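Have a look at the model first, then go through the notes below.

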Amino acid sequence: MLNVIFLLLFVSANCAQAQPALPPLNPQEFNAVIQEIEAMVKTKEDHADEFSVREATPERIERLYQMPELLQQQKIIRENGLIFAAHSPLLTFNQPSDVIDKMAAWFPKELADARTADARRSYDSIRQHIYLFGPYPSWPAEQTAFLMLWECMPENVWRHPQQNPFLLPPGQGSFMAIADTSSGQYEFSTCVHERSGLLSSWTQATVESYKQAALAMGNKAAPVLQRKFIDYLSEHRCQGTGPNDCVLLMKLWGSLSPADPDLAKMLQTLEQDVASSAPLPPVSPNIYPRHQPLLENVTRQAAFLMLKQASIANAPPAWSPQSLQDLLPQMGKLFQYDDDIGFYIGETPAEQSAMLAELERLYQQSDCSNVDRWIKFNLDPVYARFALKHLSDANPHCRIIPPWDWLKKGGSTAANDLRTEYLNLLGHQETGALHELLLANFTDDGKACFDKTTHPQPAWLASLCKTWISEPQNVPLNSTQAQPIRAVPLSVPPMNANQAHWYDAWLMQLVAGMDANTQQKMRAFSEELSRRQGLIGNAYGWQLPKLGVSVVELQLTINKPDETVAWPFEGWQTLPYQSSRLLLVFDGASFMVVGVPMRLSYESVVQITDSDADGHLEVWLVNDFRKCHGDDSDLQREWDCSAKTVEMGEIWGNALTYFSNSLKTQPRQTASNPPAWQALALPADQQPYTGREQPCNIRLLSNLLSSQLPINYGGNNDDRNDVIDMVCKQHPVHAEQAIVAWFYLLNEAANEAEDYKKGFAVAVINLQQNKIIRFYRDIIEEDAAMRIDAGSLKIDTARYKLADNVRAFAVRMDIGHSPSCAEGGESDYLTLFVEEKNTLKPVLKDYGMSSWQVVEGSNNCGYGEANYTTDTVTRVLSVADTTSHGWHDLEVIEYHQIDRITPTSDNDEVVKKYSSSLGKLRFDGKEYLPEMTGKAH
């Protein structure tokens, strides 16, 4: 059976060359040849070419390799036997498939094993299964070419000789992987000129001479290979597949001789055959996954086009002047199948010119996807030049992102000159957004100007920073100029993304009374907002009469972004689309729209100035103005959680960008007329509540407070926190001091029955000296009418001037609790403290400042129909002129609101409001006590 298989393989391997069958070796000849091959096995590889042949003559080797008995020999005998075939017709071929067919006849099992091995593992390459020796310097050209073609053939070809060689199996990521992938010789020509039977035994002394010998053998084999490829292609054109595929053969040919004019001619001759022999698949909405059927034709066509590109670059006289420009659209069509096809254009001036022209053609057609794909695989100089041309476009067709890293690095005269052209775009008022874009990217968001660790700065960067980015960009919050200014909340129509022009009328109110040009400008602004389905979440205004302007901030959400025409920093870079900020700056006659870049992430505008009087407003921004996060970042904040610094930007044209300390110009004209937007200001009772006590930076204060009250203030790994509620407020008299009040859990509670007891403490701290000046603590017992929770404390620093040099402050506790069936209750308990030496003395304790009661009817405990009247009382303390024991009396004024609740009313009906004096609280030398008289007002 083995003999039959061998005969079939041998006939297949030799039918193309029609070689006559030779007589087999007789036993004596057979044994003599095998013995001499065994002697070759023991010979070092670099001495094989010097082996003296006696029995294994080329004629006998040819006869041996036609005998079925060959396959009974060990693989190493068959491998070494081919060294003796160097001067026989055994290692000749007409077409590449002949080489594979012969190897399949001589090594059927080994080749089958290699084809089934894992292609992803380099140690499973063909040389692990079939290791041929040679070629050697004495070998003739064709026999050398035979072995070179076998050793350097793309792996996919010998693994799957019957299929399109460009169909990559899973695990094989590139086409040009040769037989021995571990060699690093991924280019066919490199392999041909480096393969040698000598190099496997090189030493330091012989390596250079062996490399020269390999190069000479490659130069000897290359013309033979080219001639074989030409002969086959001329006769069969694109009828072959596998190792005879016409694109594969031209690819190997192009690797050997890219400037060959005959190759250029063959490419032009076979271009139509290439397209018709492997048609491209239909275009799919989805990109074809790699390694899938149908994509091999795309890969094959891409390989052909890259061959054309190389030939045009290396043999330009063989091509028409328009050939390169015509090639680029052909390449671009393949992007619709595979985004990863890499066409690298731009190595030569001609390619750069053609690529710029193609990018311009695609840009004008708004074919932005192909613009992006070309950019992905092209040289930075080409795209930098293209981007420069379109950065200033008012209505760009595609989004343009220059190669900033390449421009910053420079490294060549051309790159430096191009960077200078970019920098010359700075400073134009009409392109403030471009001004910001250039500064942000050339300076790494400004950090490169102030980074003291990277010295010396390049001259171009030092000049840029000196001219356009001045210190400070961040300013201490206690700076006089950075003290917060009040923002006026504006009423905004409720959001409605489904109705076009929803904000037209509202926006036009901002320019009421202005001229027709300004009103038309606002209508255009509103149209753009509607086109982008923009929603205005909040709006705030600032009137700045000393600067002659007013500013309105719009906090937007853009639901239909436009990546090609970016509205000033609209925020399309992230998903979901994050809110954008726009500033409208009004000067009384018109307005301008100012975009806030994404790098300026902020919560509040705290100040607007023109400190250098250059006519460009500076805007001071802060993120989380008074907000602690409960982590180590709080250590970088103040005691009341306020940020220590604010970030400053300067308005330049239509963008908020980096501050530049410019020369003084004429002073601004002051403005006296109120801006039109003030008519949109929210009424005081509808404005967001901002009277909540200043928060406490517990992380910052915990060590200090622990010195007087050692409890767990949180922030530890055990996640424990004994603090229930804590509030802080600046001292009303001493700015360097702060008042802190807090509820806390009692760790010394003897048992669960005492859990109703909670601790209460008040401290006055010196912020500059970081020490507690005065301290007070107490225990409060909860019951059915009292609940202690977070958010129940408040520090009251009203003017409680009780006597000369005696000013008190109060702590209020909103801890009153009314059970579900209660018909009355009180809360807002006030304790009034005076400061004596290192203590806090309560002179009025737990005085209820609010109460309510049912005065008529009954609430029926929540059952049935409600029909009753309530009296809600709010009490206010005022310092009276009269005194007791040298301290002013405190008059208690009650403000009553009578409400009626009936089954037919949706809301409480206010029946009556009135106030009355509850009398006075008088100081008895130790504390204030009531003297109630009750007199209606």
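The link of Cys-238 and Cys-246 is right-handed, with 95 degrees about the S-S bond. This is a predicted model, so local features need pLDDT of at least 70 and side-chain atom pairs count only at pLDDT 80 or more, while totals for chains, interfaces and linings use all residues. Residues are numbered from 1 along each chain as its sequence is written, and side-chain values use heavy atoms, with hydrogens and water left out.

**Disulfides**

- A disulfide here is a pair of cysteine sulfur atoms within 2.5 Å, and the count by that rule is six.
- In the right-handed link, the sulfur atoms of Cys-238 and Cys-246 sit 2.1 Å apart.
- Cys-238 and Cys-246 are both buried (under 20% relative accessible area, with exposed over 50% and partly exposed in between, using a 1.4 Å probe and protein chains only).

**Cys-152 and Cys-191**

- These two cysteines, Cys-152 and Cys-191, form a disulfide with an S to S distance of 1.9 Å.
- The torsion about the S-S bond of Cys-152 and Cys-191 is about -80 degrees, so this disulfide is left-handed.
- The pair links distant parts of the chain, 39 residues apart: Cys-152 is in helix 7 (residues 141-152) and Cys-191 in helix 9 (residues 188-194).
- Helices are DSSP runs (H or I, at least four residues), as are strands (E, at least two), and they're numbered from the N terminus.
- Cys-152 counts as buried because its relative accessibility is 0%, and Cys-191 is buried too, with a relative accessible area of 0%.

**Cys-449 and Cys-465**

- Cys-449 is joined to Cys-465 by a disulfide, S to S 1.9 Å.
- This link of Cys-449 and Cys-465 is left-handed, with -80 degrees about the S-S bond.
- Cys-449 lies in helix 21 (residues 447-450) and Cys-465 in helix 22 (residues 459-468), so the pair ties together parts 16 residues apart in sequence.
- Cys-449 and Cys-465 are both buried.

**Helix 7 against helix 10**

- The axes of helix 7 and helix 10 (residues 207-236) come within 8 Å and cross at roughly 85 degrees; axes are lines fitted to C-alpha atoms, for helices over the stretch in contact, and angles run from 0 to 180 degrees between N-to-C directions.
- That makes helix 7 roughly perpendicular to helix 10 (65 to 115 degrees; under 35 is roughly parallel, over 145 roughly antiparallel and the rest oblique).
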